[in-house]
Amino acid sequence: MIFLYVITGGSLFISFILNKDKTIKALKVAWKKIKKILPSFIKMLILISVMLYLLPDKTIAKYLGGTNIFRETILASALGSITIMPGFIAFPVAYSLYSKGAKLSIVLTYIGAAALTRIPMTIFEASFLGIKFSVIRLLVSIPLVILSSIVIGNSFEHNVNPKQKKPLD
(Lines give C-alpha, C1' and ligand atoms only; values in the text may rest on other atoms or scores of the structure.)
Protein backbone atom coordinates (compact mmCIF):
# COMPACT_ATOMS: atom_id res chain seq x y z
CA MET A 1 0.00 0.00 0.00
CA ILE A 2 2.88 2.34 0.75
CA PHE A 3 4.05 1.76 -2.83
CA LEU A 4 0.75 3.16 -4.15
CA TYR A 5 1.03 6.22 -1.90
CA VAL A 6 4.56 6.87 -3.15
CA ILE A 7 3.48 6.50 -6.81
CA THR A 8 0.47 8.78 -6.25
CA GLY A 9 2.48 11.39 -4.39
CA GLY A 10 5.26 11.29 -6.99
CA SER A 11 2.76 11.64 -9.84
CA LEU A 12 1.11 14.58 -8.10
CA PHE A 13 4.51 16.21 -7.57
CA ILE A 14 5.47 15.75 -11.23
CA SER A 15 2.08 17.11 -12.33
CA PHE A 16 2.56 20.11 -10.05
CA ILE A 17 5.98 20.82 -11.56
CA LEU A 18 4.72 20.46 -15.14
CA ASN A 19 1.57 22.57 -14.76
CA LYS A 20 0.85 24.14 -11.40
CA ASP A 21 -2.49 25.70 -12.39
CA LYS A 22 -4.00 22.52 -13.86
CA THR A 23 -2.86 20.48 -10.87
CA ILE A 24 -4.43 22.89 -8.38
CA LYS A 25 -7.62 22.99 -10.44
CA ALA A 26 -7.72 19.15 -10.54
CA LEU A 27 -7.17 18.96 -6.78
CA LYS A 28 -10.05 21.40 -6.22
CA VAL A 29 -12.35 19.30 -8.42
CA ALA A 30 -11.26 16.14 -6.61
CA TRP A 31 -11.90 17.76 -3.21
CA LYS A 32 -15.41 18.79 -4.30
CA LYS A 33 -16.12 15.20 -5.39
CA ILE A 34 -14.78 13.79 -2.12
CA LYS A 35 -16.89 16.22 -0.07
CA LYS A 36 -19.93 15.14 -2.07
CA ILE A 37 -19.51 11.38 -1.52
CA LEU A 38 -17.98 11.49 1.97
CA PRO A 39 -21.29 11.60 3.91
CA SER A 40 -22.64 8.56 2.04
CA PHE A 41 -19.33 6.76 2.45
CA ILE A 42 -19.26 7.36 6.21
CA LYS A 43 -22.89 6.27 6.59
CA MET A 44 -22.17 3.06 4.68
CA LEU A 45 -19.08 2.32 6.78
CA ILE A 46 -21.02 2.89 10.01
CA LEU A 47 -23.95 0.77 8.87
CA ILE A 48 -21.74 -2.14 7.82
CA SER A 49 -19.63 -1.89 10.96
CA VAL A 50 -22.69 -1.96 13.20
CA MET A 51 -24.19 -4.85 11.22
CA LEU A 52 -21.00 -6.92 11.51
CA TYR A 53 -20.67 -6.05 15.19
CA LEU A 54 -24.25 -7.06 16.00
CA LEU A 55 -24.11 -10.31 14.03
CA PRO A 56 -22.45 -12.90 16.25
CA ASP A 57 -19.60 -14.92 14.75
CA LYS A 58 -21.60 -18.10 15.31
CA THR A 59 -24.49 -16.78 13.20
CA ILE A 60 -22.21 -15.87 10.31
CA ALA A 61 -20.41 -19.22 10.59
CA LYS A 62 -23.76 -21.06 10.72
CA TYR A 63 -25.31 -19.41 7.65
CA LEU A 64 -22.21 -18.77 5.55
CA GLY A 65 -19.75 -21.37 6.81
CA GLY A 66 -21.78 -24.52 7.39
CA THR A 67 -22.09 -27.70 5.39
CA ASN A 68 -25.04 -26.80 3.14
CA ILE A 69 -23.09 -25.22 0.26
CA PHE A 70 -26.22 -24.77 -1.87
CA ARG A 71 -28.11 -22.77 0.78
CA GLU A 72 -25.05 -20.71 1.68
CA THR A 73 -24.30 -19.89 -1.96
CA ILE A 74 -27.89 -18.78 -2.62
CA LEU A 75 -27.91 -16.70 0.59
CA ALA A 76 -24.57 -15.02 -0.22
CA SER A 77 -25.72 -14.36 -3.78
CA ALA A 78 -28.98 -12.82 -2.56
CA LEU A 79 -27.18 -10.66 0.05
CA GLY A 80 -24.65 -9.48 -2.51
CA SER A 81 -27.38 -8.75 -5.06
CA ILE A 82 -29.32 -6.43 -2.76
CA THR A 83 -26.24 -4.73 -1.34
CA ILE A 84 -25.49 -1.24 -2.57
CA MET A 85 -21.87 -0.49 -1.84
CA PRO A 86 -18.77 0.44 -3.76
CA GLY A 87 -16.16 -2.23 -4.40
CA PHE A 88 -13.65 -0.73 -2.03
CA ILE A 89 -16.14 -1.31 0.83
CA ALA A 90 -17.05 -4.83 -0.32
CA PHE A 91 -13.54 -6.16 0.21
CA PRO A 92 -13.20 -5.19 3.89
CA VAL A 93 -16.71 -6.56 4.48
CA ALA A 94 -15.74 -9.79 2.74
CA TYR A 95 -12.62 -10.09 4.90
CA SER A 96 -14.72 -9.56 8.02
CA LEU A 97 -17.14 -12.27 6.93
CA TYR A 98 -14.28 -14.63 6.14
CA SER A 99 -12.53 -13.99 9.44
CA LYS A 100 -15.81 -14.66 11.29
CA GLY A 101 -16.22 -18.09 9.74
CA ALA A 102 -17.71 -17.74 6.26
CA LYS A 103 -16.27 -20.07 3.62
CA LEU A 104 -14.01 -18.59 0.98
CA SER A 105 -16.28 -19.68 -1.89
CA ILE A 106 -19.28 -18.08 -0.15
CA VAL A 107 -17.40 -14.81 0.39
CA LEU A 108 -16.42 -14.83 -3.28
CA THR A 109 -20.07 -15.36 -4.20
CA TYR A 110 -21.00 -12.35 -2.06
CA ILE A 111 -18.36 -10.12 -3.68
CA GLY A 112 -19.24 -11.27 -7.18
CA ALA A 113 -22.94 -10.71 -6.65
CA ALA A 114 -22.29 -7.30 -5.08
CA ALA A 115 -20.20 -6.32 -8.09
CA LEU A 116 -22.20 -7.84 -10.94
CA THR A 117 -25.85 -8.27 -10.02
CA ARG A 118 -26.78 -5.26 -7.88
CA ILE A 119 -30.57 -5.45 -8.16
CA PRO A 120 -31.21 -1.79 -7.14
CA MET A 121 -28.74 -0.61 -9.80
CA THR A 122 -30.30 -2.96 -12.36
CA ILE A 123 -33.57 -1.05 -12.09
CA PHE A 124 -31.66 2.14 -12.87
CA GLU A 125 -29.74 0.40 -15.66
CA ALA A 126 -32.98 -0.85 -17.26
CA SER A 127 -34.21 2.71 -17.69
CA PHE A 128 -31.20 3.44 -19.92
CA LEU A 129 -30.41 0.14 -21.62
CA GLY A 130 -33.81 -1.53 -21.60
CA ILE A 131 -35.39 -4.19 -19.45
CA LYS A 132 -34.53 -7.00 -21.88
CA PHE A 133 -30.81 -6.21 -21.69
CA SER A 134 -30.91 -5.96 -17.89
CA VAL A 135 -32.75 -9.27 -17.45
CA ILE A 136 -30.38 -11.08 -19.82
CA ARG A 137 -27.38 -9.60 -18.03
CA LEU A 138 -28.75 -10.79 -14.68
CA LEU A 139 -29.56 -14.25 -16.02
CA VAL A 140 -25.97 -14.57 -17.27
CA SER A 141 -24.27 -12.90 -14.29
CA ILE A 142 -25.84 -14.82 -11.42
CA PRO A 143 -24.88 -18.35 -12.59
CA LEU A 144 -21.45 -17.06 -13.66
CA VAL A 145 -20.84 -15.56 -10.20
CA ILE A 146 -21.93 -18.73 -8.42
CA LEU A 147 -19.96 -21.08 -10.67
CA SER A 148 -16.75 -19.05 -10.61
CA SER A 149 -16.97 -18.57 -6.83
CA ILE A 150 -17.37 -22.28 -6.19
CA VAL A 151 -14.52 -23.21 -8.53
CA ILE A 152 -12.11 -20.57 -7.23
CA GLY A 153 -13.15 -20.93 -3.60
CA ASN A 154 -12.80 -24.70 -3.60
CA SER A 155 -9.44 -24.46 -5.35
CA PHE A 156 -8.03 -22.22 -2.62
CA GLU A 157 -10.02 -23.48 0.39
CA HIS A 158 -7.78 -26.53 0.67
CA ASN A 159 -4.66 -24.33 0.86
CA VAL A 160 -5.90 -22.36 3.87
CA ASN A 161 -5.26 -23.26 7.47
CA PRO A 162 -8.72 -22.92 9.08
CA LYS A 163 -7.24 -21.74 12.40
CA GLN A 164 -5.12 -18.99 10.86
CA LYS A 165 -7.33 -18.17 7.84
CA LYS A 166 -4.13 -17.48 5.93
CA PRO A 167 -2.59 -19.36 3.03
CA LEU A 168 -0.20 -22.05 4.14
CA ASP A 169 3.46 -21.52 3.32
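**Reading helix packing and burial in a predicted model**

Me: Helices α3 and α4 are roughly perpendicular to each other. At what angle do α3 and α4 pack, and how far apart are their axes?

Reply: This is a predicted model, in which local features need pLDDT of at least 70 and side-chain atom pairs count only at pLDDT 80 or more, while totals for chains, interfaces and linings use all residues. Residues are numbered from 1 along each chain as its sequence is written, and side-chain values use heavy atoms, without hydrogens or water. Axes are lines fitted to C-alpha atoms, for helices over the stretch in contact, and angles run from 0 to 180 degrees between N-to-C directions. Here the angle between α3 and α4 is about 110°, and their axes lie 8 Å apart; angles of 65 to 115 degrees count as roughly perpendicular, under 35 as roughly parallel, over 145 as roughly antiparallel and the rest as oblique.

Me: Which residues of α3 and α4 meet?

Reply: Contact means heavy atoms within 4.5 Å. From α3 come Lys62, Tyr63 and Leu64, which meet Arg71, Glu72, Leu75 and Ala76 of α4. The residues of this contact comprise 4 nonpolar, no polar and 3 charged (Ala, Val, Leu, Ile, Met, Phe, Trp, Tyr, Cys and Pro count as nonpolar, Asp, Glu, Lys and Arg as charged, and the others, Gly among them, as polar).

Me: At what angle do α1 and α2 pack?

Reply: The angle between α1 and α2 is about 130°, with their axes 5 Å apart, and that makes α1 oblique to α2. On the α1 side, Leu12, Ser15, Phe16 and Leu18 meet Lys20, Thr23, Ile24 and Leu27 of α2, and the residues of this contact divide into 5 nonpolar, 2 polar and 1 charged.

Me: Is Ala94 buried or exposed?

Reply: Buried means under 20% relative accessible area, exposed over 50% and partly exposed in between, with a 1.4 Å probe and protein chains only. Ala94, in helix α5, has a relative accessible area of 4% and is therefore buried; apart from neighbours within four places in sequence, Ala94 is in contact with Val107 and Ile111. By contrast, Ile82 in helix α4 (residues 69–82) is exposed, with a relative accessible area of 57%, and its C-alpha atom is separated by 16 Å from that of Ile106, 24 residues apart along the chain. Ala61, in helix α3, counts as partly exposed at 25% relative accessibility, and touches Gly66, Lys100 and Gly101, not counting residues up to four places away in sequence. Ala61 and Tyr98 are 37 residues apart in sequence, yet 8.9 Å apart in space, C-alpha to C-alpha.

Me: Which residues touch the most other members of the largest nonpolar core?

Reply: A nonpolar core is a set of buried Ala, Val, Leu, Ile, Met, Phe, Trp, Tyr and Cys residues joined through side-chain atoms within 4.5 Å. In the largest, with 18 residues, those that touch the most other members are Leu64, Met85, Val93, Leu97, Val107 and Tyr110. At least two residues each are supplied by α2 (20–54), α3 (57–64), α5 (87–99) and α6 (104–116), and the largest share, 6 residues, comes from α5. Leaving aside neighbours within four places in sequence, Met85 is in contact with Met44, Ile48, Ala90, Val93, Tyr110 and Arg118.

How values were computed. Helices (H or I, at least four residues) and strands (E, at least two) are DSSP runs, numbered from the N terminus.
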